[in-house]
Structure formats: C-alpha cells, structure tokens
Amino acid sequence: MPVDLCRLFVDDFLKNSWNAVKTLVESVAAFKAENRKPVSLFTFTETERINRTFDGSHFFLRGSVEYSNPQLTVEEVQGVIGAKMLEVSGNYFLNYGLREPEQTDFAQICELLKKPSDGRIVSFLLNTDDVEPDRYSMNPLRTSIVSSGQSAFPAANVKTDALRIDAQFVEKYDGKLISQKEAELLQRQLDLSKGSYLDFVDSVKFAQLTLISEVFGMDLCLPALRMPLETLKNESADGLTHRLISETHKNYDTVAQVYACMGRSMNKRTTLLTVPHSTKGFGSKRAARGRLHFDDSKLEDVSVKYQDTLLYPNDIDPNDVSVAKCTDNLTVDAEKLAGYSFVETPSSPQFFLYSLGSPEDAALWHGVGAYASPQLLQSCARIRGACRSGQLFKDLKEKYCARTDEPLQLNLTPEGMWGHPVHGNIDASIGSVEKPLDLACMGMKIEHLSIFK
C-alpha cells in the first residue's frame with residue numbers, strides 16, 4: 001500500500017512546528033489591512049505567464065526560489081512546501097479556532113493542501129532577479145553562460161539564445177546536483193524559450209512544481225513575484241523603489257543612516273546601496289567594487305570597478321567554483337542617484353531596501369543561523385524601524401501603502417534543513433532524489449524568530 005506523503009508531512013509539521021502555526025494565526029487575527037493596494041502575482045505554464053491579482057486585504061507570506069539555477073533544489077522544495085503548509089494550516093485554524101490539533105483536523109488539512117490559495121493567508125514566492133545566473137556554481141548551462149559573456153549579468157538581463165546544456169556538468173553531477181530527466185526537461189524548455197532567461201527558469205521550476213505536487217499530494221504551484229529589476233522596469237520614476245534609491249543618496253546623513261541600519265561603518269564607504277550596471281551589461285554585486293565619494297556632506301559620485309570574481313561553491317565540489325567574468329569601470333554622478341531613473345541609470349538595489357516594496361506580512365527564511373545570514377534580517381528590521389520612527393522615508397505608508405511594520409519572521413530550522421538522502425547537500429536537485437519518501441521522513445520543522453521582532 002503506497003505511503004500517504006501528504007499525511008506524513010502534516011503529522012510531523014503540526015507536531016514540530018505548532019508554535020510557528022500558533023504565532024502565525026495570532027498575527028493574522030490581529031492584522032488590519034488598511035488602504036492596501038492589490039498585489040499582482042504570476043504562475044507559469046509551458047511558455048505562458050499567467051497573472052493573478054490578489055486583494056490587498058490578504059495576509060501575504062513570502063517564500064522564495066532562485067534564478068541562479070533552473071532546476072529545483074531540495075532546499076527550494078522544502079521552502080515551498082513549508083510556505084504552503086503554513087498558509088493552509090494557518091487559514092484552517094483561523095477559520096475553526098486556534099486549539100491543539102486533533103485527528104479530524106489532520107485529514108481536513110490534507111484535503112485543503114490539494115487546492116490553490118483560498119483564504120486570508122496567501123503564500124507567494126519572491127524571486128530576486130538581480131542575481132548572477134550561476135551564483136552557486138550549480139547551473140547546468142554554466143559553460144555557455146560564460147562563453148556568451150553573461151556570467152556577470154543580472155539574471156533579468158540574460159538571454160537564452162546562446163545557452164546550451166553542459167554535458168560534462170550533467171555527467172559529473174548526475175544524481176547529486178542534477179538528473180538526466182531534469183536535463184531533458186531543461187532542453188525541452190530551452191527549445192521553447194523566447195529569449196528570456198527568467199521566463200525559461202520559471203517555466204522549468206513550475207513544471208517541476210506541478211510534477212512534485214502530484215507526488216506529495218498538495219498544490220505547490222505558489223504564485224510568484226520578481227524583484228527588484230522587473231519592478232524597477234515597470235514602475236515610473238516616482239514609484240516606490242525609485243523613491244527608495246533617490247532618498248538614500250541625498251547626502252552624507254542619509255547614507256550614514258542607511259549604513260547604520262546595515263551595521264556598517266562610514267569609514268571606507270565601499271558598500272553600495274544600489275549597484276550601477278555597466279554599459280557592457282555587468283551587474284554582479286559580488287564582482288562590483290565600489291566607493292561613495294563625498295565633498296563634506298554632499299555626495300559627489302559613486303565609482304564602480306567590475307573585475308573577474310569567483311562566485312560561491314556548490315556543496316559537492318568546493319573547488320569547482322563558477323566565475324563572473326567582467327572588466328569595466330564607471331562613475332555615476334550623485335544627481336543620477338538622488339533623482340533616480342532606472343531607464344537612465346540601471347542598477348540593483350540592496351535587498352533590505354527594495355524588500356520594503358514587497359507585499360509580505362510574514363517571511364519564511366531558510367536556515368537562518370547556518371545557511372542564511374542573521375545580519376540580513378537585522379538590516380531589514382532596522383530599516384523598517386527607521387521608517388516607522390520617521391528617520392527615513394517618512395511617508396511610505398501614506399503615499400505608497402508600503403509595509404513598514406516588521407513582518408512575522410519564520411524559519412526552516414537549520415537542524416531540520418533537507419539534504420540529499422545519500423550525499424547530504426541541500427543544493428541537490430529534486431530530481432536527483434530517487435525516493436520522495438526519504439524527504440518526507442525528514443519532516444518539516446519551522447520556528448518563529450522572535451529575536452527580530
């Protein structure tokens with residue numbers, strides 16, 4: 001008799017993550033949606049993007065997947081399942097009362113997991129489109145990404161025309177970072193792609209999410225949102241993200257305030273609040289070396305040097321590290337940043353800044369303390385605190401309906417992070433895992449990060 005994987009997940013989740021569910025339900029019950037704009041999200045079929053608009057009265061729970069590799073990893077799948085389970089169980093206990101779960105609740109939650117989002121809580125995927133296309137040295141298109149000159153491009157600007165699957169990569173990492181079936185899926189979607197790397201990646205990941213939805217007995221095709229570059233391309237010069245970039249580059253004091261939110265010193269001034277793209281197309285934050293120049297309290301310009309830079313290793317071979325190949329220098333006048341226009345000066349703002357434009361009321365992180373940086377959460381918390389106190393961006397809530405309250409911070413516990421059942425790596429592709437039961441038996445442990453409240 002086949003094992004009910006969905007029931008396995010629900011039993012373990014409600015046992016080991018009950019405090020996170022309880023905190024989520026209490027947060028939603030106290031939540032008031034005032035003057036909030038509708039939120040546009042999307043899903044993907046073979047080659048078609050399908051947009052869907054959600055009313056602003058929903059409570060939005062953010063998850064994420066990566067544009068740095070087309071194949072879904074076990075880490076990404078765990079995060080998607082975790083977000084879905086939080087959404088469904090949160091909506092369930094919100095409707096039927098917060099109490100210790102009983103056996104009848106388990107069966108009903110399993111049934112609800114099979115359906116698309118339909119409740120006060122809506123989980124979605126915030127996918128950052130400014131990352132390098134092989135950031136973690138695990139992209140099976142790696143050789144052609146480099147040879148086509150796009151290794152230091154933001155993923156949003158990569159084109160698929162010259163991309164090819166690296167047969168040596170597939171052979172080396174078969175069963176660890178990729179599988180032959182996934183390589184075939186990638187090739188099929190690559191053949192159908194119309195130039196956009198982002199659309200290609202989304203088409204692959206949603207195809208895989210559809211397949212594993214059947215395996216795990218739950219609808220895992222969560223709607224997605226791309227930030228920050230797609231947002232910047234689509235909004236006007238007086239839009240929220242433009243405003244954030246403009247105001248952070250007013251003068252020495254505003255830069256110092258934002259640096260303080262990051263816990264950075266103004267001594268060297270080498271941390272760029274937004275990374276200007278090269279006219280050659282380079283936009284890698286890791287490969288960019290920058291400096292802010294001041295004349296007393298006035299910001300004069302920002303200089304950027306792009307140079308060849310190693311990216312991050314995968315978990316199987318730490319010596320097989322991808323490179324962002326780029327050589328260029330540029331200087332951007334302060335006026336171009338203080339009166340910002342993405343059309344004139346394309347750039348990639350830091351996450352803690354542009355996340356102010358995310359609709360999230362809660363966020364699910366992946367392994368904070370071991371795999372994700374607590375400093376990033378602290379930066380996000382401080383910038384929102386500065387907004388609420390009026391130190392920075394005084395009218396974001398009034399003018400843009402932005403969320404300035406601290407989102408509920410939830411976390412896949414480091415000790416509960418999934419890895420390949422044989423090799424142990426969290427960046428293993430979902431297709432390289434032979435038995436889905438092995439993942440289900442690892443359970444789903446989610447905690448509330450109250451320290452960042």
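**Close-up views of the predicted model**

**View 1. Here's the largest pocket and what surrounds it.** In this predicted model, 48 residues line the largest pocket, and those nearest its centre are E66, R135, Y136, Y312 and L376. Several elements each put two or more residues into that lining: the helices α3 (74-96), α13 (351-354) and α14 (374-389), along with the strands β3 (59-63), β4 (121-128), β7 (288-295) and β13 (362-366). Of these, α14 gives the most, with 4 residues. The space inside comes to about 1,800 Å³.

**View 2. What sort of residues make up the pocket lining?** Sorted by class, the lining of the largest pocket has 21 nonpolar residues, 15 polar ones and 12 charged ones.

**View 3. P116 sits in a loop and meets residues from elsewhere in the chain.** Look for P116 in the loop between α4 (103-113) and β4. Setting aside neighbours within four places in sequence, P116 is in contact with K84 and D219.

View 4. How many disulfides does the model have? The count comes to 0. Take C221: the closest cysteine sulfur belongs to C6 and is 15 Å away, so the gap is too far for a bond, given that a disulfide needs the two sulfur atoms within 2.5 Å.

View 5. The loop holding H420 runs between β14 (408-412) and α16 (436-440). With a relative accessibility of 7%, H420 counts as buried. Which backbone oxygen lies 3.0 Å from a polar atom of the H420 side chain? That oxygen belongs to G175. G175 also turns up among the residues that H420 touches, together with K176, N425, A428, S432 and V433, once residues up to four places away in sequence are left out.

Technical notes:
Residues are numbered from 1 along each chain as its sequence is written. This is a predicted model: local features need pLDDT of at least 70, side-chain atom pairs count only at pLDDT 80 or more; totals for chains, interfaces and linings use all residues. Side-chain values use heavy atoms; hydrogens and water are left out. On a 1 Å grid over the protein atoms alone, a cavity is a set of points where a 1.4 Å probe fits but cannot get out, and a pocket is an open set with protein on both sides within 12 Å along at least five of seven lines; lining residues have an atom within 4 Å of a point. Grid points are joined across faces, edges and corners, and a volume is the space filled by probe spheres set on the points. Ala, Val, Leu, Ile, Met, Phe, Trp, Tyr, Cys and Pro count as nonpolar, Asp, Glu, Lys and Arg as charged, and the others, Gly among them, as polar. Contact means heavy atoms within 4.5 Å. Buried means under 20% relative accessible area, exposed over 50%, partly exposed in between (1.4 Å probe, protein chains only). A polar contact is a pair of N or O atoms within 3.5 Å; within protein, one must be able to donate a hydrogen and the other to accept it, and residues adjacent in sequence count only if both atoms are side-chain atoms.
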